[in-house]
Amino acid sequence: MFRSVLFIPCANAKAMAKAATLPCDALIFDLEDAVGNDERDGALTRLAETLASDFTAKTVLVRIHPQYLGAIHKTLAGLRIDGLVIPKVNGPEDIRGVAHVWPNIPLWAMIETARGVVHVREIADTGVKGLIAGPNDLRKDLRTRPMADRRDILHALTQIVLHARAQDLIVLDGVYNAFQDEAGFKAECEQGRSLGFDGKTLIHPAQIAPCEAAFSPSPEDIAWAKAVVGAFDGSTAGVVSVNGEMVERLHLEQAQRILGVSFSPRG
Ligand SMILES: CC(C)(COP(=O)(O)OP(=O)(O)OC[C@H]1O[C@@H](n2cnc3c(N)ncnc32)[C@H](O)[C@@H]1OP(=O)(O)O)[C@@H](O)C(=O)NCCC(=O)NCCSC(=O)C[C@H](O)C(=O)O
Ligand SMILES: [Mg+2]
């Protein structure tokens, strides 16, 4: 599952030391924007040491810096990595470029440029495992000003979800920078879930618990799902009524997905 996906800046030794203990669904070790130019060699060495240790964290992704892909591949190839996150993907050629250097590893595309949004359909069609929204770079590239409910970038977010769903990919919402603003973060998680994202990328450990709560089925969701499954149990009808509402077999599939999420072990 990919409800809570925490960025770990590889230049930060303290954050790296904490990585294995944090209760999120997945980690993204960042070698791109969270690493200053003078920190690159140290960050890469630290990441290699971390991954070579008896590192038991769940899903491990690495956000590469395309400019240093050769060195990153040379240092990390063969270590336990579940996927590479490619930043600022502008088109399918950016995916193919990484796949050429580092074949046979799942790739994730960050959609965070105007060109990336324009080409998101072809990017989703390359066989990537997932798409990740990047609101900071998007705002920079689009020259928007942040608006309530992310109205300035909503057109891009909905395109990302649309094309991920059309190709059956995992789709993750972007980060929320104000990591001390609990209410604002919770509201953005709820919005992301309502828009169809599977989970959210995070920047701080304090964001893990509220994020998982928002992207897990609520007690109301579970009660509804159980009622729908119960209503179809032993029935061959195409449509039934549950709590005064029409329910079709498509709702049964939704209900089964909800129950599957709530009963799956994390990871
Ligand atoms: C945002 C931060 C710089 C804040 O750091 P800090 O001031 O140190 O916060 P705290 O004092 O509250 O931290 C408490 C302890 O938790 C550890 N910590 C903090 N963040 C992380 C983390 N991400 N992973 C693991 N551990 C973390 C601190 O070390 C403290 O530990 P201790 O002292 O032992 O108690 C910082 O949170 C941070 O750097 N976050 C990640 C930044 C990052 O990775 N940025 C890049 C990805 S986001 C992005 O690129 C967006 C996208 O591309 C776009 O365009 O939108
Ligand atoms: Mg970015």
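Contact is taken here to mean that heavy atoms lie within 4.5 Å. The model is predicted, so that local features need pLDDT of at least 70 and side-chain atom pairs count only at pLDDT 80 or more, whereas totals for chains, interfaces and linings use all residues. Residues are numbered from 1 along each chain as its sequence is written, chains are lettered from A and ligands numbered from 1 in the order in which they are written, and side-chain values use heavy atoms, with hydrogens and water left out.

An unreviewed UniProt entry places the feature "binding site" at E112 and D137; UniProt positions are given in the numbering used here, feature names are shortened, and annotations may be inferred rather than shown by experiment. Although these two positions are spread over 26 residues of sequence, they cluster in space, with a largest C-alpha distance of 5.3 Å. The annotation "binding site", again from an unreviewed UniProt entry, also covers R63 and E112. This pair spans 50 residues in sequence, yet no two of the C-alpha atoms are more than 13.7 Å apart, so the residues gather at one spot.

E112 is placed in the loop between β5 (107-111) and α5 (114-118), where helices (H or I, at least four residues) and strands (E, at least two) are DSSP runs numbered from the N terminus. With a relative accessibility of 2%, E112 counts as buried, a term that means under 20% relative accessible area, while exposed means over 50% and partly exposed lies in between (1.4 Å probe, protein chains only). When neighbours within four places in sequence are left aside, E112 is in contact with P87, K88, G134, D137, L138 and D141. A polar atom of the E112 side chain lies 2.9 Å from the backbone nitrogen of K88.

D137 is found in helix α7, which comprises residues 135-142, and counts as buried at 13% relative accessibility. Not counting residues up to four places away in sequence, D137 touches D33, K88 and E112.

R63 belongs to strand β3 (residues 59-63) and is buried, with a relative accessible area of 7%. Beyond residues up to four places away in sequence, R63 touches a set of residues including F7, D30, D33, P87 and M110. The side chain of R63 makes a polar contact with the side chain of D30 at 2.7 Å; a polar contact is a pair of N or O atoms within 3.5 Å, of which, within protein, one must be able to donate a hydrogen and the other to accept it, and residues adjacent in sequence count only if both atoms are side-chain atoms.
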